[in-house]
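Q: I have this one open on my screen and would like to go through it with you, piece by piece. Can we start after the picture?

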Amino acid sequence: MTTSYEHHSVAAEPRAVSLALRMLQGAGAASLYAYRLDESIEFLAHGLLADGSLVVAAAPEGMLGTLAPGFEVEVRMDIVKKTPDPSVAIVAGSTHLLGSLGWVGRKEMATLASSGELPSLVEATLALPGARLGFVEVEKVVLHDLSGATVVPLDNLSRPFPIVEDEHAAFDAIARYDQAALKDLCWAVMVERVPGVVVNKGPLPHVCDHTADRVFCVDVDPNGVTVMLVGRQETLVVHASFDAPAASQGELEDKIARLMKDSAPLPIRRI
């Protein structure tokens with residue numbers, strides 16, 4: 001299936017900011033590079049505290065493992081979020097930030113671990129041998145996703161924002177629709193019956209029968225649904241927007257159902 005399409009511009013900042021904040025909150029796999037030490041941490045747990053502070057936990061080695069509490073080192077942190085669809089490997093987006101990492105002391109780490117304030121994966125990581133808890137003082141955040149690069153204003157980190165409580169349930173809410181319905185959703189956004197964004201990414205390499213002429217879910221967030229229509233000649237990434245952000249998991253699933261209903265083909269009127 002070839003669906004030639006020229007990109008039309010629709011403001012996507014709320015969706016992009018929401019995706020970046022969800023990734024900073026813990027939705028995605030994070031790694032860290034201390035470029036002045038030329039050392040990396042390939043796996044670390046991370047998340048945001050209620051005040052917007054970015055907290056990380058890892059079992060670092062080398063110089064990073066011996067840094068004294070309170071001593072800060074400049075770092076680059078990369079977070080990659082993949083689609084919840086288990087049938088394909090699609091990157092929904094990547095967030096990159098620059099900042100300074102400082103580890104806390106053992107006493108402060110124990111206090112925070114028992115406070116109930118830490119994200120669950122961060123708290124669990126502290127049980128590993130040699131684990132340390134740190135904070136990243138963020139200087140710049142950039143999201144790369146379907147609309148390119150978006151600089152995320154730092155004041156967004158401390159603002160309340162809607163989250164997806166259960167990404168697998170959210171994925172199931174869209175995955176229950178067949179390919180015809182998902183293609184109708186893409187078409188509805190393309191002809192502006194449903195608000196959203198469409199981006200032509202060109203053909204993917206090595207498209208096979210398993211992926212050709214199919215629609216895959218890339219992401220579901222409180223602002224809408226992002227899908228990818230894979231063709232042999234081009235690839236369309238489509239974000240279909242809700243009328244307003246979903247405030248709960250139940251409302252999110254209701255809005256998905258409404259979105260799919262709104263994108264269904266209009267009945268043919270007989271004269």
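Q: Where is Asp38?
A: Asp38 sits in the loop between β1 and β2, where strands (E, at least two residues) and helices (H or I, at least four residues) are DSSP runs numbered from the N terminus. This is a predicted model, in which local features need pLDDT of at least 70 and side-chain atom pairs count only at pLDDT 80 or more, while totals for chains, interfaces and linings use all residues. Residues are numbered from 1 along each chain as its sequence is written, and side-chain values use heavy atoms, with hydrogens and water left out.

Q: Is Asp38 buried or exposed?
A: Asp38 is exposed, because its relative accessible area is 57% and exposed means over 50%, buried under 20% and partly exposed in between, with a 1.4 Å probe and protein chains only.

Q: And what is phi of Asp38 near?
A: Phi of Asp38 is near 55°, which is a positive value in a residue other than glycine. Glu192, in the loop between α6 and β8 (196-200), also has a positive phi, near 65°, and Glu192 counts as exposed at 57% relative accessibility.

Q: Switching to α6, at what angle do the axes of α6 and α7 cross?
A: The axes of α6 (residues 179-190) and α7 (residues 249-263) cross at roughly 75° and come within 8 Å; axes are lines fitted to C-alpha atoms, for helices over the stretch in contact, with angles from 0 to 180 degrees between N-to-C directions. The two helices are therefore roughly perpendicular to each other, since that word covers 65 to 115 degrees, whereas under 35 is roughly parallel, over 145 roughly antiparallel and the rest oblique.

Q: Which residues of α6 and α7 meet there?
A: From α6 come Ala181, Leu182, Asp184, Leu185 and Ala188, and they meet Leu259, Met260 and Ser263 of α7, with contact meaning heavy atoms within 4.5 Å. The residues of this contact divide into six nonpolar, one polar and one charged, where Ala, Val, Leu, Ile, Met, Phe, Trp, Tyr, Cys and Pro count as nonpolar, Asp, Glu, Lys and Arg as charged, and the others, Gly among them, as polar.

Q: Now the core: which residues touch the most other members of the largest one?
A: Leu24, Leu101 and Val136 do, out of 31 residues in the largest nonpolar core, a core being a set of buried Ala, Val, Leu, Ile, Met, Phe, Trp, Tyr and Cys residues joined through side-chain atoms within 4.5 Å. Helix α1 gives the most to this core, with seven residues.

Q: What does Leu24 touch, leaving aside its neighbours within four places?
A: Leu24 is in contact with residues including His46, Leu54, Ile79, Leu97 and Leu157. Another core, of 29 residues, lies apart from the largest one, and Ala188 and Leu259 are among its members.

Q: What about Val17, buried or exposed?
A: Val17, in helix α1 (residues 13-25), is buried, with a relative accessible area of 9%. Beyond four places in sequence, Val17 touches Val152 and Asn156.

Q: Last one, what does the side chain of Ser94 make a polar contact with?
A: Its partner is the side chain of His96, at 2.9 Å; a polar contact is a pair of N or O atoms within 3.5 Å, where within protein one must be able to donate a hydrogen and the other to accept it, and residues adjacent in sequence count only if both atoms are side-chain atoms. Ser94 lies in strand β5 (residues 91-103) and counts as buried at 13% relative accessibility.
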